[in-house]
Amino acid sequence: MGATGPDMDNIERLDLKYLPLVHHFIKTGLQVDPDHFKRMEKVLIDDMDAITEKVRQSTGYYLNLASGDQVADLLFNKLGIKQAKKKMTPTGKRECVDDDVLTAIQHEHPVVSLVQDYKEYDKLRGTYAVPLYKLSRRVKFTEWRIFPNLKTTRVPSSRLACDEPNLLAMPNRTERGRELCEGFITKSGWVYLSVDFSQIEPRVGAHRSQDDALIRVY
C-alpha cells in the first residue's frame, strides 16, 4: 500500500502477471477419464438405493429420500424427533431438513445419518459425476479433457472463480468424494496439487516446484 493507495507496480506483478498462466490452463484443460465418472454415477446410485432400503428396514417406511417433504414427515411426524429450536422452510409449511438441521439432530435417531449420507451421494452424483461426464471432450483418439471456465474478475478478493465445472469446490473430504476425484488423470510423472490462493501457499508451491514462472511472480 502506497501513501495514496495501492502500489500499482505490485498489483501488476502479482495480479496481472499470472493471467497468462490462467489463460493457458483454460486452453489446455485437464485430462480426465470420462468412463470413471460414468462408473461413479452407477456406484452412487447403488449407494443411494442401499440407503433407501436401510431406512425402510429401520423405520418400516419406504420413501424418496430426495424429497424434503417426505423426509420431514418421517423425521418430525412419524419418528417424533424434536428440534431444540424449530427451523421452518421459507414458506413455513413444514420443518426444514437442511444440512444444519440434520447435523443438530443426528444423534436423535440412526436414520438421520442415513439421510445425510443419501444427500451427500445425491449431490456427488448430480453436481459432479454427471456434469463431469457430460463436459468431457475428446481431443485425441484416447485422450479426453475438461476445459473449465476460470474467471478473474468475479471475486472482490481477486481470487479466481470457476464454473463448467467448478474445480475450486471439488469434493475431497469424504471417501466417495476422493474416489470421484480419481477421474482426473495426468501424464506419467506429473501430479495434481491443490494450492490455496493465499499469501503463503503459492510461495510454498513456487519453492517446492522450483518452477521458473512461479518463482518470478512470487
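This is a predicted model: local features need pLDDT of at least 70, side-chain atom pairs count only at pLDDT 80 or more; totals for chains, interfaces and linings use all residues.
- A polar atom of the S67 side chain lies 3.2 Å from the backbone nitrogen of Q70.

**Helix α4 and its two faces**

- The buried residues of α4 are V71, A72, L74, L75 and F76, and because they fall within an arc of 160° when seen down the helix axis, they line one face of α4.
- On the face turned away from this buried side, α4 carries the exposed residues D69 and N77.
- The cover over the buried residues of α4 includes α3, α5 and α6.
- Just after α4, G80 adopts a positive phi of about 70°; G80 is also among the residues touched by L75.

**The largest nonpolar core**

- In soluble globular proteins, nonpolar side chains tend to be buried together.
- The largest nonpolar core of this model has 40 residues, and those with the most contacts inside it are V55, L65, L75, F76 and F184.
- At least two residues of this core are supplied by each of β1 (30–32), α3 (34–59), α4 (68–78), α5 (99–104) and α6 (110–135), with the largest share, 10 residues, coming from α6.
- Setting aside residues up to four places away in sequence, L75 touches G80, I81, V97, L102, I105, V111 and V112, and L75 is itself one of the buried residues of α4.

**The sheet**

- Three strands form an open sheet in the order β1-β3-β2, and their pairing is antiparallel.
- β1 and β2 (137–138) stand at the edges with a single partner strand each, so one side of each is left without a neighbour in the sheet.
- Strands β2 and β3 (residues 144–146) run antiparallel and are joined by 2 bridges, with R137 standing opposite R145 in β3.

**Helix α7 and R176**

- R176 is located in helix α7 (residues 175–181), where its side chain makes a polar contact of 2.7 Å with the side chain of E179.
- Leaving aside neighbours within four places in sequence, the contacts of R176 are with M40, V43, L44, D47, E120, Y121 and L124.

**Cysteines**

- A search of the whole structure finds 0 disulfides, and C162 is accordingly in none, with the nearest cysteine sulfur, that of C181, 13 Å away.
- Viewed from C181, the closest cysteine sulfur is that of C162, and the separation of 13 Å is too far for a bond, given that a disulfide requires sulfur atoms within 2.5 Å.
- The two residues fall into separate accessibility classes: C162 counts as buried at 10% relative accessibility, whereas C181, with a relative accessible area of 22%, is partly exposed.

Key
Residues are numbered from 1 along each chain as its sequence is written. Side-chain values use heavy atoms; hydrogens and water are left out. A nonpolar core is a set of buried Ala, Val, Leu, Ile, Met, Phe, Trp, Tyr and Cys residues joined through side-chain atoms within 4.5 Å. Buried means under 20% relative accessible area, exposed over 50%, partly exposed in between (1.4 Å probe, protein chains only). Helices (H or I, at least four residues) and strands (E, at least two) are DSSP runs, numbered from the N terminus. Contact means heavy atoms within 4.5 Å. The arc is that of the directions from the helix axis to the C-beta atoms. Two strands pair if DSSP finds at least two bridges between them. A polar contact is a pair of N or O atoms within 3.5 Å; within protein, one must be able to donate a hydrogen and the other to accept it, and residues adjacent in sequence count only if both atoms are side-chain atoms.
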